Amino acid sequence: MSLVGELTDGLRGFVTAVGSVTVFLGRILGQTPRAFARPGLIIDQIYNAGALSLIIIMICGLFVGLVLALQSYQLLERFGSEDALGTGAALALLKELGPVVTALLFAGRAGTALASEIGLMRATDQLTAMEMMAVDPIRRVVTPRFIGGVVAMPLLAMIFIAIGIFGAAFEGVQLLSVDSASFWSQMRSAVDVKDVMEGLIKGCVFGAACSLIAVYEGFNAIPTAEGVGRATTRTVVISAVLTLILDYMLTAVMLATRS
Amino acid sequence: MSNNENMPAQQPRPAGDNIVEIHDVHYSVGGRAIFSGLSLSIPRGRITAIMGPSGTGKTTLMRLITGQIKPDQGRVVFDGLDVPNLKRRELYAARRRMGMLFQNGALLTDMDVFENVAFPLREHTRLPEALIRNIVLTKLQAVGLRGAARLMPAELSGGMARRVALARAMATDPEVLIYDEPFTGLDPISMGMIVRLVRQMNYALGITSIVVSHDVEELAILADTSYIISGGKVVAAGSFLELKDHDSEIVNQFINGLADGPVPFHYPAGDYYEQLLAGTV
């Protein structure tokens, strides 16, 4: 096949996939009001996606904060600006590292769990059995998991950021002898609510994107062991790439609206 | 059948109208024709067997009846409803009148036996918890698994899982129960239990039963009417005795379990010796 032919096929496949995901999202949103009528199902999924990811998020947040402070200190020391360590760490974590790294971890922990769980339900006829019992699996299985992910992800991002700042403070103040008062006061004066909102918005958008990819891939998995494995892998890869693309787009929009 | 001694002798039931009618259905997948002009009727209140060699589309036929797939051509009618043209809401309303027993049970693995049976009741009714509990225990008692109510699906044997799935399919008292390969992979005791349950459902509750299987011996005991499907069409229909005396070669091969015949032992292939000499696959 010629290069043009391959590109055309690739483009057609991409447009078809985007259309399919959009229709799937439409079905989820259509069932969302009914899903809220049974909050117990959503709370279960917030627990599965959120609480069960907490340990990995906290550990990673701590070490990202530690490394961030270590690297930033080396740079700031050259210009005699060690006191700005707190500001730099907080802004980096709030605007970029917190939401992005949390989304990548979320895709790896909760996203894969969602995709493989739904994929296995497909492979073992559980979704078909629901259909046969006149129970819409989009309403009963997919929508609560999607909402659970959308709610859990920004909360996890905020926890990641808080632990990350704590890690940066420990590294900077305790180990690198940055003045504690300067660290916290500069951070408080430089970081405002808009910065927190940026992190929160990114967390929500990444949460929606990663959850959507996970439930879509699981729901449409080929009902074999290989198919479920492939759906799980695709969930991680697509979620990671999509997170970084969305991050760039959101950052550009946020910077444009700020200035 | 030794475990049928408590059952009433099989008596002729009054002929009723047909609850399912299939007219001239054509269906193909990937260019391969599964059905080419299939027509059959499922009488109300009877046990009807759909038989045929592996790969003839028996399960596909069940998926057509339940509206999981649509035919390329032809009509599938369930109690006067044109199944392929039903809207989702209408299709779900029709499915609430059907129960389906899957080959593997298809139990929800994150719920125990009790919750699996209670699932359709919780989804479709607002019954008080005490009543749901009583209905579930009644259904589990009927399949002999009341004592297993708190076991998880992973703790059940294949036969137990199918009995739980049957209890779940019965939970909302459907008019039609569809059994997809209910005997496959079961030991003789479990198989006898399933045969007995299918008959009980039919006799005691007047449920129409459609049994898709290729287990000729079990279906000979169970079915009032049998259809044998091959080559995308019904090749024989009638009672088991009628099928046994059928003059069709394929029916003879299927009923008597002959290894070779119109359904060849060998999958179509090129010349054997030439392929060996060529050294390729």
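This is a predicted model: local features need pLDDT of at least 70, side-chain atom pairs count only at pLDDT 80 or more; totals for chains, interfaces and linings use all residues.
**Entry 1: chain A overall**

I began with the secondary structure of chain A. I counted nine helices and zero strands. Reading along the sequence, I wrote the pattern down as α-α-α-α-α-α-α-α-α.

I then looked up the extent of the chain. Along the principal axes, the C-alpha atoms of chain A fill a box of roughly 65 × 50 × 35 Å.

Next came burial. Chain A has 259 residues, and 44% of them are buried.

I also checked how far apart in sequence the contacting residues of chain A are. I took the contacts between residues at least 6 apart, and 87% of these join residues at least 24 apart.

**Entry 2: helix α2 of chain A**

I picked one helix to look at in detail, α2 of chain A, which covers residues 39-49. Which residues of this helix are buried? I noted I42(A), Q45(A) and A49(A). These three lie on the same side of α2(A), because they cover an arc of only 60 degrees around the axis.

I then asked what the buried residues of α2(A) pack against. I found three helices of chain A there: α1 (3-36), α4 (85-123) and α6 (137-175).

I turned to the face of α2(A) that points away from the buried side. On that face I listed the exposed residues P39(A), G40(A) and Y47(A).

**Entry 3: two residues with positive phi in chain B**

I moved to the backbone of chain B and looked up A106(B). Its phi is near 50 degrees, a positive value, and the residue is not a glycine. I placed A106(B) in the loop between β6 (98-101) and α3 (113-124) of chain B.

My second case was D173(B). This residue is also something other than glycine, and its phi is positive at about 50 degrees. I placed D173(B) in the loop between α5 (158-170) and β7 (176-180) of chain B.

Is A106(B) buried or exposed? I found 26 C-beta neighbours inside 10 Å, so A106(B) counts as buried. I put the question again for D173(B): buried or exposed? Here there are 11 C-beta neighbours inside 10 Å, so D173(B) counts as exposed.

**Entry 4: where the chains touch**

Note on methods:
Residues are numbered from 1 along each chain as its sequence is written. Chains are lettered from A and ligands numbered from 1 in the order in which they are written. Helices (H or I, at least four residues) and strands (E, at least two) are DSSP runs, numbered from the N terminus. A residue is buried if 20 or more other C-beta atoms lie within 10 Å of its own, exposed if 12 or fewer, and partly exposed in between; C-beta atoms are placed from the backbone. Two residues are in contact if their C-beta atoms, placed from the backbone, lie within 7 Å. The arc is that of the directions from the helix axis to the C-beta atoms.
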